[in-house]
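Hi,

Here is the two-chain structure I promised to pass on. Have a look at it first, and then read on for what turned up when I went through it.

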Amino acid sequence: MSATTAVPDRSQSLASTSAHAAEPKRHSAAVRLTHWLTTIAFIALLVTGGEITLSHPRFYWSETGNVNMHPWLNLHLPSSRPMVPTGYGYVLPDQNGWSRYLHFQAAWVAVGTGLFYLLFGLFRGHFRRNLVPASSDLSMKAIGVSLMRHLRFERPTADEAWSYNVLQRLSYLAVIFILFPLMIWTGLAMSFGFTSAVPLSVRLLGGHQTARSIHFIVTALLVLFLLVHVVMIFIAGFRTRMRAMITGRAIPPTEGL
Amino acid sequence: MKKISRRKLISTGLAAAAGASGLAVAAKVAKHHGLIPPDAGGLYGPGETLTYAAQRLLTRHSMAREFSRSEISEKPFANSVDPLGDDFHRMQAANFVDWRLVVDGMAARPSSFSLAEIKSFPASSHITMIGCEEGWTYIGEWTGVPLSYILNRVGALPEVRYVVYRSLQPDWWESIDMADALHPQTLVAHGMNGTELPVPFGGPLRLRIPRQLGYKSVKYLNRITLTDSLKSFGKGLGSSAPEAGYAWYAGI
């Protein structure tokens, strides 16, 4: 019985444009727009940030650090500067000029997008509805079940095409409210202009080089997030997930997969 | 249905027009208040303008962080410089008695100062951090004459909007706006960590500007030019940095 009623319903909804327009979207236009703007800005920041790092691929704590001092982390990469002892017999070409220009321009795009997203998320209930986990999902047992499902690389259930699971919610919240703000903060804390106006921004972190080190560590965490995020999309179904984030359309939950 | 989309079209059009004219007004206001950097054209102009304008609104009178004497780096790092040439080494051998700092352009009394004269002017010191765009930093104590004192002494005209300054090295010249030129921490430095400014660190004279990256702190300073426009200097981008692909404003 359900099959006979479901089929004409679906064809009807496809035929009628007004019903089509009312079809629920998996992701709102604001979420889709900010998602892709952030993606573009993040890739630009990552590539240029990596390039800038090559001019001094060593990291220090507290305020000062240079080739006369011991780094806590040496990436052992070739450098674009002859004064950095790398052990390599060659010096990479200097690309810092455009890298710095593009890094800060992309940072403005990221910050502007982030502010818009923040206001949207607060006033349209996006955070409350889609990202904050239900309290019943926050038990160790529920998280453990979700974790085991992920570790077994199980394909997501039908309702997960319409709602994030608890691990997804927690990791998105961590990226949006911890990692992104830390990135912006540590970035500003390396600006001599900014720290002259807001010296506490760098003092609270423990110094200029600590800010630079945290900026690098958080980059590594964000890259890790990106890798897992993309792998999960492939496991869940690349076409359906991409379509949902580009057009907003997904198979309505009542119809199943 | 059609009516709604037309209404939507009109309102979107009006919003776009309002946005565009808003931008145009913002650009005019920004220009009037000197918030547009000389390298504002081109692909990265929007980001550069936002950075410079935002920092200028925030930092017009802010002071670079100062440190205690115990925080001075034991081994400061001197980045490599291009070969300084025979003329420089001859002057160095004579303890730079022939070194001159020419101050010209829009000044009532354009002057040429000897190193001894510069050292006789009232000096000021600060323990600040210098940071390279590459990412490394050190802390040092710089001693020198505030640039504002020199601008006063030559009678800088009220129309001056930028100070252009040059190194003995032909391809290294920079400029700053008046917020930095008149800033109390901007020094024509002749001393570092209690001694005369060593040659690898820019001696005998270096323009030390602690609210911007190291490349703005030009070493081997020998000429300062006061101007109301940067258009006639080099390619008109404000300094040699944008000509080599780097930003003119280096507060970030």
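**A threonine inside chain A**

The side chain of A:Thr48 has a polar atom 3.3 Å from the backbone oxygen of A:Leu45. Before you read much into that distance, do keep in mind that this is a predicted model. A:Thr48 belongs to helix H3 of chain A, which covers residues 29-54. Is A:Thr48 buried or exposed? A relative accessible area of 0% is under the 20% cut-off, so A:Thr48 counts as buried. Leaving aside residues up to four places away in sequence, A:Thr48 touches A:Trp98, A:Ser99, A:Leu102 and A:His103.

**Chain A as a whole**

Chain A has ten helices and two strands. Of the 257 residues in chain A, 39% are buried. Among contacts in chain A with a separation of 6 or more, 62% are between residues 24 or more positions apart.

Helix H4 of chain A (96-123) comes up again below. H4(A) has 28 residues and spans 40 Å from first C-alpha to last, close to the 40 Å expected at 1.5 Å a residue. After H4(A) comes A:Gly125, with a positive phi near 75 degrees.

**Where A meets B**

How much area is buried between chain A and chain B? It comes to about 3400 Å², with carbon and sulfur atoms giving 59% of it. On the chain A side, A:Tyr101, A:Trp108 and A:Phe192 lose the most area to chain B, and together they make up 23% of what that side buries. The contact takes 34 residues from chain A and 48 residues from chain B.

As for polar links, 25 residue pairs are in polar contact between chain A and chain B. Four helices of chain A each supply at least two residues of the side that touches chain B: H4 (96-123), H8 (192-197), H9 (200-203) and H10 (208-246). H4(A) gives the most, with nine residues. Sorted by class, that side of chain A has 13 nonpolar, 15 polar and six charged residues.

There are also three salt bridges between the two chains.

**A helix of chain B at the contact**

Helix H2 of chain B (residues 45-59) is worth a look too. H2(B) has 15 residues and reaches 20 Å from its first C-alpha to its last, close to the 21 Å expected at 1.5 Å a residue. Its buried residues include B:Glu48 and B:Arg56, along with B:Gly45, B:Gly47, B:Thr49, B:Thr51, B:Tyr52, B:Ala53, B:Gln55 and B:Thr59. What covers the buried residues of H2(B)? The cover comes from both chains, and includes H4 and H8 of chain A as well as strand E6 (173-177) and helix H6 (178-181) of chain B.

**The other salt bridges**

Over all chains, the structure holds 15 salt bridges. A few that I'd click through:

- B:Lys119 and B:Glu196 pair up, with their closest N and O atoms 2.8 Å apart. B:Lys119 is in helix H4 of chain B (residues 115-120) and B:Glu196 in strand E8 of chain B (residues 195-196), so the bridge ties together parts 77 residues apart in sequence. B:Lys119 is partly exposed, at 33% relative accessibility.
- A:Arg81, A:Asp94, B:Glu133 and B:Glu134 are joined into one network by salt bridges that share partners.
- B:Asp104 and B:Arg223 form a salt bridge at 2.9 Å between closest N and O atoms. This pair links distant parts of the chain, 119 residues apart: B:Asp104 lies in strand E1 (residues 100-105) and B:Arg223 in strand E10 (residues 221-227), both of chain B. B:Asp104 is buried at a relative accessible area of 18%, while B:Arg223 is partly exposed at 34%.
- A:Arg149 and A:Glu154 form a salt bridge, 2.7 Å between closest N and O atoms. A:Arg149 is partly exposed at 22% relative accessibility, and A:Glu154 is partly exposed at 30%.

Cheers

Note on methods: Residues numbered from 1 in each chain as written. Chains lettered and ligands numbered in written order. Predicted model: local features only at pLDDT ≥ 70, side-chain atom pairs only at ≥ 80, totals over all residues. Heavy atoms only, no water. Buried < 20%, exposed > 50% of the residue type's maximum accessible area, 1.4 Å probe, protein only. Polar contact = N/O pair within 3.5 Å; in protein donor to acceptor, adjacent residues only side chain to side chain. Contact = heavy atoms within 4.5 Å. Buried area = accessible area lost by both parts, 1.4 Å probe. Salt bridge = Lys/Arg side-chain N within 4 Å of Asp/Glu carboxyl O. Nonpolar A, V, L, I, M, F, W, Y, C, P; charged D, E, K, R; others polar. Expected span 1.5 Å × (residues − 1).
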